[in-house]
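Here are a few exercises to work through with the model open beside you. Try each task before you read its solution.

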Amino acid sequence: MKPSAFSRAVRGHGVFLGLTALALWVLWVQAGHDLWIGHLRIDPVVYQARASAFLDGGSWAGLGTNEYQPGALWFFAGVGAMAPDRGDFDSFLRALFAVNLFLLCVHLAIAAGCGGRKAAWQMLLFAVAAGPILLFRFELFVTALVLGAWALWRRDRFALAGLLLGAATATKVYPVLIFPLFVASAWREGGWRRCALSGASWAAGGAAVVGAFVAGGAAWSDVAGALRFHFDKPFGIDGALGTVLPLWQALLGAPLRMAPRNGVYGFDPDPGPIPVAVFEWLWLAAVLWVLWLLLRRCGRGAWSEAGALFVVVGLFVGLGKLMTPQYAWWAVSLVPLASPGWFRRGERAALAALLAACLLGGQFVYPLNYSEFIACFDGAFLASRLFWVNALKNALWLGALGVGLRALLRRAREGKLLA
């Protein structure tokens with residue numbers, strides 16, 4: 001007797017839940033392993049310090065040098081409040097792991113609810129490939145807000161979607177890159193009224209987070225100072241241009257001038273015949289071109305086409321200052337939600353393979369061998385295996401972006417850029 005559709009569905013869900021539990025357990029075990037934990041513990045030490053200062057004193061006053069936006073600081077405080085022993089770092093770390101595992105399950109639920117089981121499988125694949133770094137950071141919190149806004153928009157919950165996207169922007173600034181598509185879609189679907197509602201709800205979401213931060217004792221200068229901290233970071237060694245620039249300098253016979261600061265090991269603003277500033281804003285030109293293309297042909301689904309959003313965020317990640325697995329997650333988490341017809345069958349498989357391989361390569365460089373990777377720039381970096389592994393990782397990312405751009409441009413040529 002053939003199994004009924006119901007029994008097949010139950011069996012399929014059981015397999016997915018079982019493998020999800022296994023994947024979460026693997027990430028948890030990796031997170032506590034000496035191979036991973038060395039570099040990854042550094043940032044949560046600061047998270048706990050921020051959380052403890054607020055929870056013990058009841059105020060955000062006196063933050064000093066701070067790189068975190070208000071939404072991130074509220075996230076740290078929430079994790080700290082859940083830790084059984086507020087003053088113990090390991091207790092805070094376990095609470096952070098537990099919260100991030102829950103947030104990963106939220107990602108899987110959004111993927112399954114909006115894209116079906118295949119989307120959920122792909123999201124799980126990418127999470128495992130990204131590795132335990134997702135449990136040590138707050139990227140899952142930010143992307144859960146972005147994906148939540150995306151999912152609510154598809155259900156015509158425009159105001160709530162705007163609130164979540166605004167809160168995400170007050171936590172990490174990168175969602176501002178896709179905000180133009182958010183309001184453009186609102187205009188196309190409901191005219192100026194819906195556009196105003198969506199824009200106002202986005203502003204309200206960000207203002208609520210920032211306003212609560214200021215009401216909690218912080219100064220407005222703390223918000224601006226965090227932004228300045230990021231703008232002042234050097235051009236890192238991890239991203240695509242962090243590979244191209246050293247090769248170009250080597251070709252010219254010019255020495256690299258390194259400038260480690262603000263928690264980043266990177267290049268001096270003017271390391272020789274070609275200033276880094278020439279490279280620093282290539283991502284902006286690329287993103288503006290894609291946004292112009294999308295807005296020029298903007299149809300009903302401009303915001304809700306996750307395949308287009310992947311290209312916008314992916315260009316920023318790949319050509320920006322930093323490119324480690326947690327930043328890659330900003331763009332990667334959008335891929336499973338791309339509509340069925342956006343990528344052709346071969347493109348979707350190629351994209352998944354390229355991104356998974358890129359994330360695995362990213363793990364190998366950071367955090368597993370990051371000390372060796374940093375050290376190679378003090379000598380003959382061209383002879384270092386880590387330099388070339390990182391170069392391959394970046395090439396894989398650019399290849400994935402090529403697949404995404406090909407799909408986007410094909411839709412533009414066909415006059416069916418957006419639904």
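To start, α5 is followed by G131, which has a positive phi, near 90°. This is a predicted model, in which local features need pLDDT of at least 70 and side-chain atom pairs count only at pLDDT 80 or more, while totals for chains, interfaces and linings use all residues. Residues are numbered from 1 along each chain as its sequence is written, and side-chain values use heavy atoms, with hydrogens and water left out.

**Exercise 1. Work out how far apart the ends of helix α5 are, and where the helix kinks.**

Step 1: α5 covers residues 89-130, 42 residues in total. Helices here are DSSP runs of H or I with at least four residues, numbered from the N terminus.

Step 2: a straight helix at 1.5 Å a residue would reach 62 Å; the expected span is 1.5 Å times one less than the number of residues.

Step 3: the end C-alpha atoms of α5 are only 24 Å apart.

**Exercise 2. Describe the largest pocket and its lining.**

Step 1: get the volume, about 910 Å³. A pocket is an open set of points on a 1 Å grid over the protein atoms alone, where a 1.4 Å probe fits, with protein on both sides within 12 Å along at least five of seven lines; lining residues have an atom within 4 Å of a point. Grid points are joined across faces, edges and corners, and the volume is the space filled by probe spheres set on the points.

Step 2: of the 34 lining residues, V173, Y174, H230, F231 and F316 lie nearest the centre of this pocket.

Step 3: find the helix that gives the most to this lining, which is α9 with five residues.

Step 4: sort the lining into 22 nonpolar, seven polar and five charged residues. Ala, Val, Leu, Ile, Met, Phe, Trp, Tyr, Cys and Pro count as nonpolar, Asp, Glu, Lys and Arg as charged, and the others, Gly among them, as polar.

**Exercise 3. Do likewise for the second largest pocket.**

Step 1: its volume is about 550 Å³.

Step 2: it has 25 lining residues, with D43, R137, G263, V264 and Y366 nearest its centre.

Step 3: α3 gives the most to this lining, four residues.

**Exercise 4. How are the rings of F387 and W388 arranged, and how exposed is each residue?**

Step 1: the ring centres are 5.1 Å apart and the planes sit at 90°, so call this pair edge-to-face. Rings of Phe, Tyr and Trp (its six-membered ring) pair if their centres lie within 6.5 Å, and planes over 60 degrees apart count as edge-to-face, under 30 as stacked and the rest as tilted.

Step 2: F387 has a relative accessible area of 1%, so it's buried, while W388, at 42%, is partly exposed. The cut-offs are under 20% for buried and over 50% for exposed, with partly exposed in between (1.4 Å probe, protein chains only).

Step 3: zoom out to the aromatic cluster they belong to, formed by Y366, Y370, F373, F377, F381, F387 and W388.

Step 4: go back to Y366, which a cis peptide bond joins to P367, with omega about 15°.

Terms used
Helices (H or I, at least four residues) and strands (E, at least two) are DSSP runs, numbered from the N terminus. The bend at a residue is the angle between axes fitted to the seven residues ending there and the seven starting there.
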